[in-house]
Amino acid sequence: MMQAETVSPRSGEALLLDAALQTIPFGFCVWSGDFTLVLWNQHYLDIYGFPRSKIRRGMSLYEVVELSCALGNHPGLDPREFYEAYTAELLSNRSGLRAISHEQAEGNRTLETAHVYAVGLGWVVTHEDVTDEIARSDMMAERKAELERQYALIDAAINNISHGVSMFDSKFKLVTCNKAFKEMYGLPDHLAAPGTSFEKVLDHRIDTGLHAPTDREAYYAERKAIMKGGAFVREVVKMANGTYLTLRHQPLKGGGMVTTHEDITEQLAAEARMRHMATHDALTDLPNRTLFRELLEKALAGTADKSAFALLSINLDFFKSINDSYGHATGDQVLCQVADRLRRVVGGQGDAARLGGDEFAVLTRALEEPRAAADLARTIVKALSEPFRFGRKAVALSASIGIAVAPGDGRSADTLMSNADLALLRAKREGRSTYHFFETGMDASLQRRRTLEAGLRDAIAVRALDLAFQPLVDLASGRIVTGEALLRWTHPELGPVPPSEFISIAEETGLIGDIGAWVIGEAAQRAAEWPGDVHVAVNLSPLQFRRPMLVDVVRNALRSSGLAPGRLELEITESLLLEDSQTNLDILHTLKDMGVRIAMDDFGTGYSALSYLRAFPFDKIKIDRSFMTDIATKSDSRAILKAMIGLGTSLGMTTVAEGVETEAQLAVVRAEGCTQVQGYVFSKPVDAACFATMLDGGIGQMDRKTG
């Protein structure tokens with residue numbers, strides 16, 4: 001800095017100048033025309049960190065630059081290069097204009113230098129630390145840029161979301177809206193501009209037909225009340241074009257409202273589809289059990305004492321065999337056709353539903369009398385008995401129906417459905433393909449059936465079934481030639497159960513396949529212990545033919561027992577051939593080719609027996625026991641018996657008279673030439689041990705007179 005060592009006339013001015021220089025808030029120095037230091041102040045020394053002792057008047061610019069670089073200023077720059085660049089910059093500015101530049105000082109500080117050339121004095125240079133100022137400026141710039149970026153993002157988001165967004169102020173003037181809002185209501189640009197009144201927007205919607213018919217003034221008042229209400233409001237409105245919008249109104253502090261507008265037409269349709277899927281069967285599109293129960297409970301709730309409606313419980317007879325024989329794809333097609341027929345038959349009389357599997361139900365409208373429910377049930381039975389066709393394939397089916405009438409048969413859904421099921425079971429026991437009304441007392445019958453079904457499953461698992469054998473006697477020799485295997489079962493609590501009762505349960509539940517396989521195997525094992533000329537006969541259920549493994553079951557039974565195929569007789573009824581003659585005939589031919597003997601049981605009870613005798617070479621026909629009752633007393637009955645025996649003999653088939661119980665009946669069948677006899681006249685069915693004893697006694701000789 002400038003300081004006089006002796007007092008001179010100008011010493012006062014010098015002190016004044018020095019004081020002025022020290023008060024300047026930035027560094028100050030003057031370089032002469034030949035780049036020597038003329039003046040400086042303390043701020044100059046402080047900015048660059050110059051020790052006072054190192055700076056002197058007349059010091060060259062290069063010396064100062066060299067010192068400054070040594071102190072850490074101008075990082076990365078060579079002193080000579082910096083000096084040359086700086087002097088060139090000074091020399092280039094002699095116009096008297098102020099030139100500004102920036103340089104780095106020690107401590108990562110930024111210095112702003114400004115120089116101006118004064119003739120006769122040199123370059124007057126100011127130095128100011130602008131690090132904080134630049135930082136603040138950068139921060140403000142960053143904030144501004146961030147705000148601009150955030151605004152751009154918000155603007156992009158608002159204008160690219162599918163929801164419409166609108167903001168109205170407390171005076172119902174539009175503040176802003178997005179692109180979706182404009183498109184949703186078809187607003188031209190001038191109506192989407194800030195300041196547009198809500199009335200004009202509403203008028204446009206009404207004029208263009210977008211707004212559903214409504215009273216304009218009332219609607220506007222309603223909007224006004226919402227906007228002034230100060231509470232969040234959500235509402236769903238339907239537009240004139242059928243679309244549905246959900247509006248969410250959010251109040252703003254100080255008045256006004258922000259509203260989002262969302263088109264929920266597809267969402268509502270999807271929800272409707274989901275509701276439909278939840279309440280309808282996926283395969284047939286009929287109402288499912290859940291919806292049907294709701295309909296039933298609703299009907300019960302609205303039932304007056306004098307009004308009535310009916311619940312029809314429908315089950316397809318032996319449907320499982322269709323899946324077993326034709327596959328589940330065909331089974332599904334059958335179920336769909338069943339559903340179509342129910343829709344057509346029921347029509348406006350009620351509601352049809354699929355409860356699951358092959359279970360269907362119908363809920364009727366109010367009935368004037370129960371006969372209407374019977375008429376509907378009869379029509380359904382007839383409709384479902386028609387063959388189901390798939391190209392050239394035809395599938396025969398039938399249905400059984402149980403009917404419960406409300407409120408007499410039940411005032412709750414559970415009671416009514418249970419009673420309809422009880423009636424359904426009665427219909428099945430009465431021969432299927434029919435209907436039955438609920439009757440008091442059926443519940444005990446159902447309880448017994450459920451007990452028997454559970455017990456039968458257990459009996460199969462633990463092998464608690466037994467076989468009894470009834471002899472078939474050759475009339476010529478008087479010897480036992482065949483033992484018919486008859487299934488027996490004793491329930492642990494209910495005692496002996498008649499085969500007529502538990503066999504039907506086995507058929508209905510699908511257990512007959514496992515039971516039948518066990519009977520064939522067990523009968524073959526027992527017969528293998530008998531004399532080699534004694535046969536064993538086993539009855540087959542038609543349902544066993546619907547299992548693709550029947551031939552393998554027979555083959556495995558013969559293999560494991562060692563029984564000769566010719567000693568096994570399989571008895572079938574005409575109902576088997578009624579169902580699918582060609583398929584079943586193919587199975588019968590396969591069995592016969594194995595050497596197994598085939599007998600037609602209950603011969604004479606079917607209308608087409610003669611045609612079946614032509615279709616398949618049976619080894620034996622068994623004349624049904626119903627023909628034995630009065631053959632000893634009525635000539636016409638004896639004539640029929642004689643004709644059947646003669647037919648079998650002429651075809652080379654063994655004839656067996658079943659159910660012969662008296663000596664008089666025995667004398668008649670013997671006289672008419674019957675080959676074999678089975679009945680109480682010789683023996684009741686006995687257990688395996690007793691039957692073996694009968695065979696051992698007299699080598700099976702049965703002591704009967706020739707009559």
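Student: Which residues of α13 are buried?
Tutor: Ala 373, Ala 374, Leu 376, Ala 377, Ile 380, Val 381, Ala 383 and Leu 384. Buried means under 20% relative accessible area, exposed means over 50%, and partly exposed lies in between (1.4 Å probe, protein chains only). Helices are DSSP runs of H or I with at least four residues, strands are runs of E with at least two, and both are numbered from the N terminus.

Student: What should I know about the model itself?
Tutor: This is a predicted model, and residues are numbered from 1 along each chain as its sequence is written. Local features need pLDDT of at least 70, side-chain atom pairs count only at pLDDT 80 or more, totals for chains, interfaces and linings use all residues, and side-chain values use heavy atoms, with hydrogens and water left out.

Student: Back to α13. What covers its buried residues?
Tutor: The cover includes one helix, α12 (328–346). It also includes the strands β11 (309–316), β13 (359–364), β14 (388–390), β16 (399–406) and β17 (435–437). Contact here means heavy atoms within 4.5 Å.

Student: How far apart are the end C-alpha atoms of α13?
Tutor: They are 21 Å apart. Helix α13 covers residues 371–385, which is 15 residues, and at 1.5 Å a residue it should span 21 Å, so the two agree. The expected span is 1.5 Å times one less than the number of residues.

Student: At what angle do α12 and α13 cross?
Tutor: At roughly 145°, with the axes coming within 10 Å. Axes are lines fitted to C-alpha atoms, for helices over the stretch in contact, and angles run from 0 to 180 degrees between N-to-C directions. The crossing of α12 and α13 is right-handed. That term applies if the near helix is turned clockwise from the far one by less than a right angle; anticlockwise is left-handed.

Student: Which residues make that contact?
Tutor: From α12, Val 338, Arg 341, Leu 342, Val 345 and Val 346. From α13, Leu 376, Thr 379, Ile 380, Ala 383 and Leu 384. By class, that gives 8 nonpolar, 1 polar and 1 charged. Nonpolar covers Ala, Val, Leu, Ile, Met, Phe, Trp, Tyr, Cys and Pro; charged covers Asp, Glu, Lys and Arg; the others, Gly among them, are polar.

Student: New pair. How do α3 and α4 cross?
Tutor: The axes of α3 (residues 61–70) and α4 (residues 79–91) come within 9 Å and cross at roughly 130°. That makes α3 oblique to α4. Under 35 degrees counts as roughly parallel, over 145 as roughly antiparallel, 65 to 115 as roughly perpendicular, and the rest as oblique. This crossing of α3 and α4 is right-handed.

Student: What classes of residue are in that contact?
Tutor: The contact of α3 with α4 has 9 nonpolar, 1 polar and 2 charged residues. On the α3 side, Val 65 and Cys 69 are among them, and on the α4 side, Phe 82 and Leu 90 are included.

Student: And α7 with α8?
Tutor: The axes of α7 (residues 198–207) and α8 (residues 216–229) come within 11 Å and cross at roughly 135°. That makes α7 oblique to α8. The crossing is right-handed. The contact has 5 nonpolar, no polar and 5 charged residues.

Student: Let's do loops. Where is His 74?
Tutor: In the loop between α3 and α4. His 74 has a positive phi of about 55°, although it is not a glycine. Its relative accessible area is 5%, so His 74 is buried.

Student: Where is Phe 172, and what is its phi?
Tutor: Phe 172 sits in the loop between β6 (164–168) and β7 (174–177). Its phi is positive, about 65°. At 7% relative accessibility, Phe 172 counts as buried.

Student: Is the bond from Ala 406 to Pro 407 cis or trans?
Tutor: It is cis, with omega near 5°. Pro 407 lies in the loop between β16 and α14 (413–429).

Student: Last one. Which residues touch Leu 487?
Tutor: Beyond its neighbours within four places in sequence, Leu 487 contacts several residues, including Leu 465, Phe 502, Ile 515 and Trp 518. Leu 487 lies in strand β19 (residues 480–491). At 10% relative accessibility, Leu 487 counts as buried. Phe 502 is one of the buried residues in α16 (residues 499–509).
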